[in-house]
Amino acid sequence: MNVLVLHGPNLNMLGQREPHIYGATTLAQINAALHARAMAHGAQVQCFQSNHEGGLIDRIQEQAPTTSGVIINPGALTHYGLSLRDVLANLSVPIIEVHISNVYRREPFRHTSVVAPVATGQITGLGWQGYLLALDWLMQHTAPTSQQ
Ligand code: DQA
């Protein structure tokens with residue numbers, strides 16, 4: 001099983017970015033925890049971060065044939081990234097949208113997700129551990145891809 005983990009704009013700054021909102025854990029630490037959890041279950045994760053919507057789209061298109069599930073924190077693209085939404089809509093595998101902070105307790109512009117309607121589910125406000133919860137769910141609910 002191969003899970004694609006995508007991090008959107010500014011998430012490379014985790015650890016130093018508004019730590020009172022996003023915590024002290026860095027992106028490298030999150031990715032390492034995901035790799036370890038996946039490996040313990042005989043699965044693998046491919047982690048990718050981009051500050052550019054097109055970079056995320058390119059990666060999704062490239063990896064789609066061998067991906068059995070997607071975990072994505074689109075960052076602020078959540079709220080307006082229609083091209084990102086469209087590429088996700090074309091996938092047939094489960095997609096879990098993750099937010100570190102509880103977007104519904106924050107500014108009104110964060111209450112809208114253009115990704116949510118094409119996602120299988122959403123985890124928001126549970127800190128970086130939301131990524132691990134998403135991975136656990138995928139490992140329980142998805143079948144390996146035939147092209148691995
Ligand atoms: C975020 C919430 C978004 O509103 C924000 O733009 C981010 C991070 C989160 O993980 O809580 O970049 O997706």
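The model is predicted, with local features needing pLDDT of at least 70 and side-chain atom pairs pLDDT 80 or more, while totals for chains, interfaces and linings use all residues. Numbering starts from 1 along each chain as its sequence is written, and side-chain values use heavy atoms, without hydrogens and water.

Polar contacts are pairs of N or O atoms within 3.5 Å. Side-chain atoms of this kind lie 2.7 Å from a ligand oxygen in His79, 2.8 Å in Asn73 and 3.0 Å in Arg17. Taken alone, the ligand exposes 320 Å², of which the protein buries 99%, by the Shrake-Rupley method with a 1.4 Å probe.

Now for the space itself. A cavity is a set of points on a 1 Å grid over the protein atoms alone where a 1.4 Å probe fits but cannot get out, and its lining residues have an atom within 4 Å of a point. The count is 1 cavity of 30 Å³ or more. The largest cavity holds about 120 Å³, and of its 14 lining residues, Tyr22, Asn73, Gly75, His99 and Arg106 are closest to its centre. The ligand sits in this largest cavity, with more than half of its atoms within 2 Å of the grid points.

Methods:
Polar contact = N/O pair within 3.5 Å; in protein donor to acceptor, adjacent residues only side chain to side chain. 1 Å grid on protein atoms, 1.4 Å probe; cavity = no way out; pocket = protein on both sides within 12 Å on 5 of 7 lines; lining within 4 Å. Points joined across faces, edges and corners; volume = space filled by probe spheres on them.
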